[in-house]
Amino acid sequence: MKLSEIKQHLSQLETIAFQLPNGQLVPNHFHVTEVGKINKHFIDCGGTVRTENVINFQLWEANDYDHRLHPEKLVSIIELSEKILNLEDLEIEVEYQGSTIGKYDLDFDGTNFLLTNKQTDCLAKDKCGIPAGKSKLKLSEIEKIDSCAPGSGCC
């Protein structure tokens, strides 16, 4: 989800809820403690120099159970961040403290903002010998092997 999209969704909401990948909601007394831009400049395993830029939201919860962040307040925080940090309309990454700091992509289901799992990936599969995928075989198509002797192909 891009920054412009979250602002659009927030303008339609009366309350804000973030849902973790396991279905649990982030406690509704959360704070957004950071809005910023993260610039990642790196080299992949194939030797290609790359850059990645995302908008970062950090969610945090404290013991102030009466705290509720309202949609219009989060929009004002975003707009101030856009002005002061000269933010572009980039994808949003959300940090949230579980057993360690988790990084999530962001989606919306019409009611809740969904924190979706991020995955690592090899960006240079063509240069480092990673096969496209395992070939699938039907057991009925595999030749029957009567013995498991060296060189028989059984293992």
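Reader: Leaving aside neighbours within four places in sequence, which residues is Leu-106 in contact with?

Author: This is a predicted model, in which local features need pLDDT of at least 70 and side-chain atom pairs count only at pLDDT 80 or more, while totals for chains, interfaces and linings use all residues. Residues are numbered from 1 along each chain as its sequence is written, and side-chain values use heavy atoms, with hydrogens and water left out. With contact meaning heavy atoms within 4.5 Å, and with the neighbours within four places set aside, the partners of Leu-106 are Met-1, Ile-6, Phe-18, Ile-92, Val-94, Phe-113, Leu-114, Leu-115 and Thr-116.

Reader: Which residues of the largest nonpolar core touch the most other members?

Author: A nonpolar core is a set of buried Ala, Val, Leu, Ile, Met, Phe, Trp, Tyr and Cys residues joined through side-chain atoms within 4.5 Å, where buried means under 20% relative accessible area, exposed over 50% and partly exposed in between, for a 1.4 Å probe and protein chains only. This core has 29 residues, and those touching the most other members are Ile-6, Phe-18, Phe-57, Leu-59, Leu-106, Phe-113 and Leu-115.

Reader: Which elements give two or more residues to this core?

Author: Helices (H or I, at least four residues) and strands (E, at least two) are DSSP runs, numbered from the N terminus. Those giving two or more residues are H1 (3-10), E2 (30-43), E3 (49-61), H2 (71-85), E4 (92-97), E5 (101-108) and E6 (113-117).

Reader: In what order do the elements of the chain run?

Author: The chain has three helices and six strands. Read from the N terminus on, their order is α-β-β-β-α-β-β-β-α.

Reader: How many Å apart in space are Gly-46 and Ala-124?

Author: Gly-46 sits in the loop between E2 and E3, and, leaving aside neighbours within four places in sequence, Gly-46 is in contact with Ala-124 and Lys-127. Although Gly-46 and Ala-124 are 78 residues apart in sequence, their C-alpha to C-alpha distance is 5.2 Å.

Reader: How many disulfides are there?

Author: A disulfide is a pair of cysteine sulfur atoms within 2.5 Å. By this rule the count is zero. For Cys-45, which is in no disulfide, the nearest cysteine sulfur is 3.6 Å away and belongs to Cys-122.

Reader: Is Cys-45 buried or exposed?

Author: Cys-122 has a relative accessibility of 21%, so Cys-122 counts as partly exposed. Because the relative accessibility of Cys-45 is 55%, Cys-45 counts as exposed.
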